[in-house]
Amino acid sequence: MSDAASRSPELSDHMAGPYWKLRPAPPTPKDELCGGATIEAITLRDSLGPNCVYCLRCNGEVAPERIGFGHAIAEDMARWRFVYRGLHSLWLDSTEYEQWALERLLDPDGAVNITGRKVVARLNEYVRSYYWWSMHNDPLMDDAPPATCPYCNGSLAPAGRRGLQKCELCSVVVAWNDF
Ligand SMILES: [Zn+2]
Ligand SMILES: [Zn+2]
């Protein structure tokens with residue numbers, strides 16, 4: 001928390017006093033937005049904020065209007081985020097539902113992942129888009145990063161940043177040790 005506060009004056013102000021977590025979040029700080037002049041590829045991921053569109057290259061948040069997708073996609077994206085966030089929160093809370101939530105998040109054929117990949121398929125009509133497949137520190141995976149795509153079982157290619165690999169065929173970015 002102190003790292004985030006020292007990074008951004010807006011965040012520092014927002015986090016003053018005991019009640020900041022009970023207030024609406026401020027806009028994303030500028031240094032967490034993608035500053036690229038063009039967006040080459042995006043990922044659909046839940047990072048616990050309202051927006052779930054991120055730049056593949058820099059991992060900065062991408063304002064939806066920079067992509068310009070339509071209302072129906074925005075609605076479906078918000079619905080996906082609502083459900084994914086539910087599972088993500090249950091996993092983060094680390095109590096009796098942690099393992100259950102992890103299994104839902106890591107089930108390639110689970111409803112939340114089917115919905116997310118449908119959204120990604122439609123986003124691909126606008127810009128190269130990938131579904132963010134977080135391993136969530138899967139205890140079954142030991143210390144070895146995944147070698148194959150969770151969908152086609154084909155080999156993964158480097159995705160440009162450390163810890164990221166991708167499957168072009170399935171439009172999936174696999175993130176190792178990254179929530
Ligand atoms: Zn970027
Ligand atoms: Zn694949």
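Predicted model: local features only at pLDDT ≥ 70, side-chain atom pairs only at ≥ 80, totals over all residues.
As for dimensions, H6 takes in residues 111-123, 13 residues in total, and reaches 19 Å from its first C-alpha to its last. That is close to the 18 Å expected at 1.5 Å a residue, with the expected span taken as 1.5 Å times one less than the number of residues.

Residues are numbered from 1 along each chain as its sequence is written, and chains are lettered from A and ligands numbered from 1 in the order in which they are written.

## The chain overall

The chain has 6 helices and 6 strands; these are DSSP runs numbered from the N terminus, helices being H or I with at least four residues and strands being E with at least two. Going along the sequence, the pattern reads α-α-β-β-α-α-α-α-β-β-β-β.

Of the chain's 179 residues, 27% count as buried. Take the contacts between residues at least 6 apart in sequence, and 48% of them join residues at least 24 apart; a contact here means two C-beta atoms, placed from the backbone, within 7 Å.

## How H4 meets H5

H4 and H5 pack at an angle of about 140°, and their axes are 7 Å apart. Axes here are lines fitted to C-alpha atoms, for helices over the stretch in contact, and angles run from 0 to 180 degrees between N-to-C directions. The two helices are therefore oblique to each other, since under 35 degrees would be roughly parallel, over 145 roughly antiparallel and 65 to 115 roughly perpendicular, with the rest oblique.

H4 passes H5 in a left-handed crossing, meaning that the near helix is turned anticlockwise from the far one by less than a right angle (clockwise would be right-handed). On the H4 side, Leu87, Leu90 and Trp91 do the meeting, and their partners in H5 are Glu98, Ala101, Leu102, Arg104 and Leu105.

## Loops worth a look

Asparagine 59 has a positive phi of about 65° although it is not a glycine. Asparagine 59 sits in the loop between strand E2 (53-55) and helix H3 (64-67), and with 17 C-beta neighbours inside 10 Å it counts as partly exposed. Asparagine 153 also has a positive phi of about 65° without being a glycine. Its loop runs between E3 and strand E4 (157-158), and asparagine 153 is exposed, with 11 other C-beta atoms within 10 Å.

Proline 146 is in the loop between E3 and E4 too. Its C-alpha is separated by 7.5 Å from that of tryptophan 176, 30 residues apart along the chain. Aspartate 107, in the loop between H5 and H6, has its C-alpha 8.8 Å from that of proline 150, 43 residues apart along the chain.

Key. Buried ≥ 20, exposed ≤ 12 C-beta atoms within 10 Å, placed from the backbone.
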